[in-house]
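My notes follow in the order in which I checked things.

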Protein chains: 2
Amino acid sequence: MRIVVSLGGNALGKNPIEQKQLLIQVAKPIVELIKEGHEVVIAHGNGPQVGMINLAFSESNSTPNMPFPECGAMSQGYIGYHMQNAIGNELTAQNIDKTIASIVTQVIVDENDEAFQNPRKPIGSFYTLEESKVLEETMNYIMVEDSGRGYRRVVPSPMPIDVKEKAVIASLLKEGHIVITVGGGGIPVIDNNGQLEGVAAVIDKDNASAKLAELINADMLVILTAVDNVYINFGKDNSEALTNVSIERIESLIKENHFAPGSMLPKINATLKFAKTGKISVIASLNNAKEAFKLEAGTIIK
Amino acid sequence: MRIVVSLGGNALGKNPIEQKQLLIQVAKPIVELIKEGHEVVIAHGNGPQVGMINLAFSESNSTPNMPFPECGAMSQGYIGYHMQNAIGNELTAQNIDKTIASIVTQVIVDENDEAFQNPRKPIGSFYTLEESKVLEETMNYIMVEDSGRGYRRVVPSPMPIDVKEKAVIASLLKEGHIVITVGGGGIPVIDNNGQLEGVAAVIDKDNASAKLAELINADMLVILTAVDNVYINFGKDNSEALTNVSIERIESLIKENHFAPGSMLPKINATLKFAKTGKISVIASLNNAKEAFKLEAGTIIK
């Protein structure tokens, strides 16, 4: 099977030391999956990591205004290196002769996506009202007050419509390699008459993973997150973990508002889109990754 | 022909705006080369870029001690993104249906390389004597006084012995793609019983390019730099540009100390090693890239 595994940026820690340690653990179930002969693509988030990079630049005297797509590209190099190193080392330890590589990846978004009219995704540091006014004037940033903690820049979160490097990814899988791609949802670019241009935006990494899974004709999409299952009545006494659910059931549960818009709902929408193409989608915790890959844990949507 | 093109980091500008503009120009001769049906791999330096990243982190309050291999990985993402974007856009403009991708690349060095006993490559910011003493004590950095401008960290510059992702690069070429790799000479790693570990070091990008060219069985290595040719008696009245030279001639000119140890000599040594395997090496200026690819400019070593 061709499997896309989507890993949250929060699972990767807050600094290089944490990230290295955590990835040694993440590598184990991934290598189990590779050992079973599957074609594996790993997509990952970059929230805390691109935040760290963006913050360091904005605090520096030398290059305070590093553009956001470039920070995203740096995060792909930074996370990709640790991830391919950890998985590569585990492959070597288990005498598996496979190579894994991270691909710097541009994901195309529609410049007419309504998200561009309504930027809502906060990124980077917190600023005072005065500082935020300066940034609005000098940098054309859109700044909003964020939960009483100060002012932050917001960027749009448009839907992914294509992955520029999809043919490279498909070739590598065909040749038996393992691929790390669409890091942080990909570097967002718009297509201006065939000329791709980076834009300050954040593509949801689960949407990017689902789009990639569709484009490379994957058989399964596994989203690894912090919770073991998708729940109905989450956080209440009558909460219930979903194991196997049909597309119809999930759609009616969405209508009943069982899933939090900021966290579980986007994951479900991403997996649902892929499941509708006749493929398998799984949402499970990173801890249960090994079992989830065998469809023995998590919430399976078919 | 399979061709490795090695591009200096100084040709890429000092900030993201400069880099984007410069790469639009660099893309043109590269796309000419692709149009002629060659298999093309692009290696590049990262001196000013990894310096910029390292400096921004060291100036930040939040993450002042980002390790050097991680900064190198970020520079691969940062430069790779702009380079694949510029070349991809030029390919699209010329209706050439090829995909280019940057590969995060680890280059293996020998931990017994004598360079580790004698770190000489200055990296990052300048510090006062007092600051440098603190860094020596707290970070185990080796600090040296640099030309009266202050104290700087020095790291070793070991020789590359293998490229971890070489099979990925070979597969992509076989499948008709264009590859950007060994950015900044590659992320330096040592092989500790099969477990690759990042080390604070800088691999010369021309040595890394020559090693890669050898490993992927390339036919030609082209080093693009700031000067049109290799010169004998450089800077003197009787200076002479070399066009076609044999391995024997270059070796005797090296013995006569015609080439500066810090600039042209390492390039010549890198190309010489590759030329000795029976292949063609070229050293030329970026401005003459188009002609150099046809062996109509630069210094050709056979």
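I took contact to mean heavy atoms within 4.5 Å, and on that basis I found 52 residues of chain B in contact with 52 residues of chain A. I am working with a predicted model, in which local features need pLDDT of at least 70, side-chain atom pairs count only at pLDDT 80 or more, and totals for chains, interfaces and linings use all residues. Residues are numbered from 1 along each chain as its sequence is written, chains are lettered from A in the order in which they are written, and side-chain values use heavy atoms, with hydrogens and water left out.

**Interface**

I next looked up the buried area (the accessible area, with a 1.4 Å probe, that two parts lose on being put together, summed over both), and it is about 4,200 Å² between chain B and chain A, with 59% given by carbon and sulfur atoms. Of the area that chain B buries against chain A, E70(B), Y81(B) and V104(B) supply 14%, more than any other three residues.

For salt bridges (a side-chain nitrogen of Lys or Arg within 4 Å of a carboxyl oxygen of Asp or Glu), I noted 4 across this interface. In a salt bridge between E175(B) and K174(A), the closest N and O atoms are 2.9 Å apart.

Taking helices (H or I, at least four residues) and strands (E, at least two) as DSSP runs numbered from the N terminus, I found several elements of chain B that each supply at least two residues to the side touching chain A, among them α1 (16-35), α3 (68-93) and β10 (187-192). α3(B) gives the most, with 14 residues.

**Strands of chain A**

I then asked which way the side chains of β12(A) (residues 220-225) point. M220(A), V222(A) and L224(A) point one way, whereas L221(A), I223(A) and T225(A) point the other way. In a regular strand the side chains alternate between the two faces of the sheet. With buried meaning under 20% relative accessible area (1.4 Å probe, protein chains only; exposed is over 50%, partly exposed in between), 6 of the 6 residues of β12(A) are buried, so this strand is largely enclosed by the rest of the structure.

Strands pair if DSSP finds at least two bridges between them. β1(A) (residues 2-7) runs parallel to β12(A), joined by 5 bridges, and L7(A) stands opposite L224(A). β16(A) (residues 280-285) pairs with β12(A) in the parallel sense over 6 bridges, and there A284(A) is the bridge partner of L224(A).
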